[in-house]
Structure formats: structure tokens, C-alpha cells
Amino acid sequence: MAVPKRKVSGARRDKRRSSHWKLAIPGVVACPKCGEPRLPHRACKACGFYNGREVIAVESAK
């Protein structure tokens, strides 16, 4: 049977496993109210609207 001759070092093991846990970049969508980019299923930081209604009181920019 094939058996490893030596112990695999932690650095070598971790380098091999590094690509297994890559996170996907979350999709960014445009806010339908103001057009600013925002994360889906979250209120817009620019205008404070979510699902067609204001949920955060945001002071408007000049």
C-alpha cells in the first residue's frame, strides 16, 4: 500500500486547502428608487428605501 514517507507540514497542507474556502462576491444590484448600488435584500443606505417604502430616515444631500 502507498503510505506517505513523511508527515505533511502544516504550511503545505494549508496551501492545498486554501482554495476550498473561497467566498463568492455577493451580487450588487441597483436601487430602484435612487440607482445607487446596494446589496440585495437590504435597505439602501443612500435613500433609506426597501421594498418600496422608507425604512431608514436618511438626511438628503445638498
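Leaving aside neighbours within four places in sequence, Glu36 is in contact with Val29, Ala30, Cys31, Cys44 and Ala46. This residue is placed in the loop between strand S1 (29–30) and S2. Across the 10 residues that separate them in sequence, Glu36 and Ala46 are 6.9 Å apart in space, C-alpha to C-alpha. With a relative accessible area of 41%, Glu36 is partly exposed. The model described here is predicted.

**Overall form**

The protein chain holds 1 helix and 4 strands, and these follow the pattern α-β-β-β-β along the sequence. Its radius of gyration is 23 Å, whereas a compact globule of 62 residues would have a value near 11 Å. Taken along the principal axes, the box filled by the C-alpha atoms is roughly 70 × 25 × 15 Å. Among the contacts with a separation of 6 or more, residues 24 or more positions apart account for 0%.

Of the 62 residues, 8% count as buried. The chain exposes about 6200 Å², and carbon and sulfur atoms supply 55% of that area.

Gly48 lies in the loop between strand S2 (37–38) and strand S3 (49–50). Is this glycine buried or exposed? Gly48 counts as buried because its relative accessibility is 0%, and the cut-off for a buried residue is under 20%. Not counting residues up to four places away in sequence, Gly48 touches Arg53, Glu54, Val55, Ile56 and Val58. Ser19, by contrast, is 29 residues from Gly48 in sequence and 37 Å from it in space, C-alpha to C-alpha.

**Side-chain interactions**

Side chains of opposite charge can pair when their charged atoms come close. How many salt bridges does a search of the whole structure find? The search finds 1 salt bridge. The side chains of Arg13 and Asp14 meet in a salt bridge with an N to O distance of 3.1 Å. Arg13 is partly exposed, with a relative accessible area of 33%; Asp14 is also partly exposed, at 41%.

A search for aromatic pairs across the whole structure finds 0. A ring does take part in another kind of arrangement: the charged end of Lys33 sits over the ring of Phe49, 4.5 Å from its centre.

**Residues with positive phi**

Most residues other than glycine have a negative phi, and most peptide bonds are trans. His41, which is not a glycine, has a positive phi of about 65°. Asn51, likewise a residue other than glycine, has a positive phi near 55°. His41 is found in the loop between S2 and S3, while Asn51 lies in the loop between S3 and strand S4 (53–54).

Why does His41 count as exposed? Its relative accessible area is 69%, and the cut-off for an exposed residue is over 50%. Asn51 is exposed as well, with a relative accessible area of 66%.

**Accessibility of selected residues**

The table gathers the values for individual residues.

| Residue | Relative accessible area | Class |
|---|---|---|
| Arg13 | 33% | partly exposed |
| Asp14 | 41% | partly exposed |
| Glu36 | 41% | partly exposed |
| His41 | 69% | exposed |
| Gly48 | 0% | buried |
| Asn51 | 66% | exposed |

Technical notes: Residues numbered from 1 in each chain as written. Predicted model: local features only at pLDDT ≥ 70, side-chain atom pairs only at ≥ 80, totals over all residues. Heavy atoms only, no water. Helix = DSSP H or I, 4+ residues; strand = E, 2+ residues; numbered from the N terminus. Buried < 20%, exposed > 50% of the residue type's maximum accessible area, 1.4 Å probe, protein only. Contact = heavy atoms within 4.5 Å. Salt bridge = Lys/Arg side-chain N within 4 Å of Asp/Glu carboxyl O. Phe/Tyr/Trp six-rings, centres within 6.5 Å; stacked < 30°, edge-to-face > 60°. Lys NZ or Arg CZ within 6 Å of the ring centre and 35° of its normal. Rg over C-alpha atoms; globule rule 2.2 N^0.38 Å. Areas by Shrake-Rupley, 256 points an atom, 1.4 Å probe, with all protein chains shown as cover.
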